[in-house]
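Please look over the structure shown below before reading on. The report that follows takes up a few of its sites in turn.

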Amino acid sequence: MKLLCIGRNYGDHARELGNAVPAEPVFFLKPATALLQHGNAIRLPRFSSDVHHELEVVFRVGRTASHISSERAWEHLDAYTLGLDLTARDVQQEQKEKGLPWEKAKAWDGSAPMSDTWTAIDPGTPPGSMAFSLERNGRVVQRGTTDDMLFPVPALVAYLSRFITLEPGDLVFTGTPAGVGPLAPGDVLEGKLDGRTILTFNVEAEGER
Ligand code: ZN
């Protein structure tokens, strides 16, 4: 399985990093080894001194999707939850300046901590607007609503499926709202979806290997 991640899908976040609002979706991949299951601590990698949290609503693919229309997109998704697209911002900045790919900053082991609480999708009544927020040590740092996505979920899934076949179990990260910021050892992160805390992670420094 793979993780397909959308960048710059909320105007306020694109602007906070000094990026233009994109004319079409921006995406990148993370491998399955990036997944960090609920119950494990986030371990900050030693190659970065500026790992940022990006809280995102994540959709799971239920049926293979290739060259699908946005009208059929919900039929190909079976559930949603919250996840974090952890980003080594210092490394990403270097890669951007050199015009190089982002994987070094985005695709490392454990860079995608996931909630284990999923909500099933009924394609007949697709989910409406969702509110989500992230607390870092008890203080709200990110707050968003899926209404503010520049490209809504069906458009994202249809777009991705023109380039890459989405397979059952693949995860689609749909972008982060403003308020991204650095993590430090000892932090406690809590993500809420529609008022319910469904994601909790502790942050540690990377240990000796
Ligand atoms: Zn992201």
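This is a predicted model: local features need pLDDT of at least 70, side-chain atom pairs count only at pLDDT 80 or more; totals for chains, interfaces and linings use all residues.

Glu-56 belongs to strand β6 (residues 55-61), whereas Asp-85 sits in the loop between β7 (77-84) and β8 (87-88), so the pair ties together parts that are 29 residues apart in sequence. Asp-85 is likewise buried, with a relative accessible area of 1%.

## Thr-174 and its surroundings

Thr-174 is found in the loop that runs between β13 (171-173) and β14 (181-182), and its relative accessibility of 0% makes it buried. Its side chain reaches the backbone oxygen of Val-57 at 2.6 Å. Beyond its neighbours within four places in sequence, Thr-174 is in contact with several residues, among them Glu-56, Val-57, Phe-59 and Met-149.

In soluble globular proteins, nonpolar side chains tend to be buried together. Here the largest nonpolar core has 44 residues, and those with the most contacts inside it are Ile-42, Phe-59, Leu-77, Leu-82, Leu-84 and Leu-193. Elements that each supply at least two residues of this core include β6, β7, α4 (153-160) and β15 (188-193). A second, separate core of ten residues includes Leu-3, Phe-28, Ala-112 and Met-114.

Terms used: Residues are numbered from 1 along each chain as its sequence is written. Side-chain values use heavy atoms; hydrogens and water are left out. Helices (H or I, at least four residues) and strands (E, at least two) are DSSP runs, numbered from the N terminus. Buried means under 20% relative accessible area, exposed over 50%, partly exposed in between (1.4 Å probe, protein chains only). A polar contact is a pair of N or O atoms within 3.5 Å; within protein, one must be able to donate a hydrogen and the other to accept it, and residues adjacent in sequence count only if both atoms are side-chain atoms. Contact means heavy atoms within 4.5 Å. A nonpolar core is a set of buried Ala, Val, Leu, Ile, Met, Phe, Trp, Tyr and Cys residues joined through side-chain atoms within 4.5 Å.
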